[in-house]
Amino acid sequence: PPRRKRPSGAGRDGGGVRAPVGSTEAKPAGGPAASSLGGGDSRRRAAELFRWLVAPVEPGEFAGRHWERAPLLVRRGDPGYYAGLFSTADFDAILRSGEVQFGTHLDVTSYAEGVRETHNPVGRALPAVVWDFYQNGCSLRLLNPQAFSTTVWHLLSILQEYFGSMAGANTYLTPPGTQGFAPHYDDIEAFVLQLEGKKHWRVYSPRTDTEVLPQFSSANLTQAELGKPVLEVVLEAGDLLYFPRGFIHQGDCLPDAHSLHITVSSYQRNSWGDLLEKLLPAALQMALEEDVEYRQGLPMGYLEYMGVANSDAADARRTAFVEKLQRLMKKLVDYAPIDAAVDQRAKSFLHDCLPPVLTQSEKQLSVYGFPAQWQDGSPRNVDILITKDTEVRLLHHGIIRLCNEEAGVMLYYTTENSRVYHKEEPKYLEIDPEYTDSIEFLLSSYPNHVTVDTLPCGTLDDKISLATLLFEKVL
Ligand SMILES: *[C@@H]1O[C@H](CO)[C@@H](O)[C@H](O)[C@H]1NC(C)=O
């Protein structure tokens, strides 16, 4: 009978967690949890993928000289470099699936004689209509290829682990001799991967200091608003073009070739300022609670000597007012809950991001490899026999985050996310605070295994309960 206390499954999906079965007595553990150790380190795979993305430029050189600084052009002379990632044939097959909607998933665009237009009909984007637009010179932008293409999902999911920030993508198919978009800049770091054909690109430096690393994308710009390009190039299949947010760009097709590219993006709203937007209100909240100085009233009459109309007046009361305010603002630093604010950003990231791509070895070691099944009239191999000697580790780097919240200690996780942005609510388990140390221990031990009896929490039953819960949740 299921008697063991669970580490609580009070999260949004906790109700569905099955009670544990099996004995807590030490006996040889069965099933894949006890099979030969493995699983690898998912951080290494992410680093290798990024190395491939910018190769032959070294990631260190890219970080120092290009990231958020300057465009990078990589000519590879290898049309097959991205083979298997995404093709016009894949695009055609996706249209044939009948699941693509104009506007939501696909934009039909044109840019001719300085006029940028969107031609989306309403409803389903079926091949007959889509290819007719294309034949008439329109560009086709697929907005979330990761929802339709497994290889694009894999690419983005692994890159988001590298960036620690959501990675997105669009694909662009442009007919020969046309341009689909007006010149503009974006609010993301952009990696243009030329998949098929070629495209003529012009890239321009930010025009003013305020357009360096902008928080928001620009409007459609006119040619008259542009200076001279810093980079002009014909990108060919297998090549890479990177440019930071704020760099204006436009791409057009030569008369003799179509172009298919995918733009991979990351680092949208991922700046110091974005962290401060979370941190400062929290710091003020803490200061108001803990320090009476922040709760004392403003000086009587301050409306009379402060304000723009009085800003040029020489007045000792003004000086005192400003000095006091500056002191309170400096003191806010001491109240800033920096780690909690970072955890809140991590929590958002875990909700925004794509589900992780598990390797065969990770799948095999996880509950997906567990042999429970219906056989000959009844379920077989159902018991998860975790003992004190069972070797455990987190399945994959970055798939969980522990957050201390007012309502309790929450363990957020990504494994049940959807490939469609925010299709799922944030997934979490409420964890008994006594398990916090054990989860931190698992986090810091990754990628190494530890035995269940080394988990720093209560009784052996507690340790086994926690391990069983995390195993059942693919964590
Ligand atoms: C550019 O123009 C197109 C077509 O009019 C429009 O749909 C799009 O929103 C514009 N982009 C921006 C950023 O204003």
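The chain has an average pLDDT of 92, and 92% of the residues reach at least 70. Residues 1-35 are another story: there the pLDDT is below 50, though the stretch still has 80 contacts in the model beyond near neighbours in sequence. Where pLDDT is low, the predicted coordinates should not be read in detail.

Now for the ligand. Around it sit Arg116, Glu117, Thr118, Ser218, Ala219 and Asn220. Sorted by class, that shell comes to 1 nonpolar, 3 polar and 2 charged residues. On its own the ligand would expose 360 Å², and the protein buries 47% of that.

An unreviewed UniProt entry annotates residues 138-283 as "domain: JmjC". In the model, this span is 21% helix and 35% strand, with its end C-alpha atoms 51 Å apart.

| Cis peptide bond | Omega | Loop holding the proline |
|---|---|---|
| Ala55 to Pro56 | near 5° | between α1 (42-54) and α2 (59-65) |
| Tyr446 to Pro447 | near 5° | between α12 (436-445) and β17 (450-451) |

Then there's Arg269, which has a positive phi of about 45° despite not being a glycine. You'll find Arg269 in the loop that runs between β10 (259-266) and α7 (272-290).

Key: Residues numbered from 1 in each chain as written. Predicted model: local features only at pLDDT ≥ 70, side-chain atom pairs only at ≥ 80, totals over all residues. Heavy atoms only, no water. Near = heavy atom within 4 Å. Areas by Shrake-Rupley, 256 points an atom, 1.4 Å probe, with all protein chains shown as cover. Nonpolar A, V, L, I, M, F, W, Y, C, P; charged D, E, K, R; others polar. UniProt positions renumbered as here; feature names shortened; annotations may be inferred. Helix = DSSP H or I, 4+ residues; strand = E, 2+ residues; numbered from the N terminus. pLDDT = per-residue confidence, 0-100. Contact = heavy atoms within 4.5 Å.
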